[in-house]
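Please open the model in your viewer and keep the sequence beside it. The tour below goes from one selection to the next.

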Amino acid sequence: MKFLILNGPNLNLLGQREPGIYGEDSYEALCRRLQDFAAGRGATAECFQSNHEGALVDAIHGAQGVYDAIVINPGAFTHYSYAILDALKSVGVPAVEVHISNIHQREEFRHKSVTAAACVGQICGLGLFGYEAAMSYFLEGKAHVC
Ligand code: CA2
């Protein structure tokens, strides 16, 4: 199984600020961890992070026919990006949305995800393990197109 792991704005700063919310591991360490996790299960994981909405939309479009599943943390775009919502809807690649923090325990504006509607499901509040939980969902063969 081929995974595309997408991370949105500011997630390149993981481990550098707000460790109480996002933990102490860097973005690079997260990617290595997910690549190792995939490799240990006969899968591959390619990581892409961008602070730009259009770059994430392009990456989602490019996933069609190339990847079996998308694991996406859209960052703050979660809360208002109809462009990412539409991109996820436009490809036949199933996606799970992941948030490191529990968005429901935080500011009101973080409670709403506009992008989750295009995903099979959403995982939040489990830290970096959430990415592995999302990958496990697909690896266990429960994937379906929304
Ligand atoms: O909990 C999550 O994973 C979020 O998607 C992270 C986004 C936030 O806008 C969402 O509401 C929830 C923000 C990521 C900011 O990432 C940083 C990482 C380290 C240091 C500073 C920011």
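**The pocket and its ligand**

Begin with the largest pocket, which has a volume of about 400 Å³ (the space filled by probe spheres set on grid points that are joined across faces, edges and corners). A pocket here is an open set of points on a 1 Å grid over the protein atoms alone, where a 1.4 Å probe fits, with protein on both sides within 12 Å along at least five of seven lines, and lining residues have an atom within 4 Å of a point. This is a predicted model, in which local features need pLDDT of at least 70 and side-chain atom pairs count only at pLDDT 80 or more, while totals for chains, interfaces and linings use all residues. Residues are numbered from 1 along each chain as its sequence is written, and side-chain values use heavy atoms, with hydrogens and water left out.

Next, select Pro-9, Asn-10, Leu-11, Tyr-22 and Arg-110, which lie nearest the centre of this pocket among the 18 residues that line it.

Now show the ligand, whose space is the largest pocket. Around the ligand are 17 residues, with Asn-73, His-79, His-99, Ile-100 and Ser-101 the closest (a residue counts if one of its heavy atoms lies within 4 Å).

An oxygen atom of the ligand lies 2.6 Å from a side-chain N or O atom of Ser-101, a polar side-chain atom of His-99 is 2.9 Å from a ligand oxygen, and for Arg-110 the distance from a side-chain N or O atom to a ligand oxygen is 2.9 Å.

Methods:
A polar contact is a pair of N or O atoms within 3.5 Å; within protein, one must be able to donate a hydrogen and the other to accept it, and residues adjacent in sequence count only if both atoms are side-chain atoms. A molecule sits in a cavity or pocket if more than half of its atoms lie within 2 Å of its grid points.
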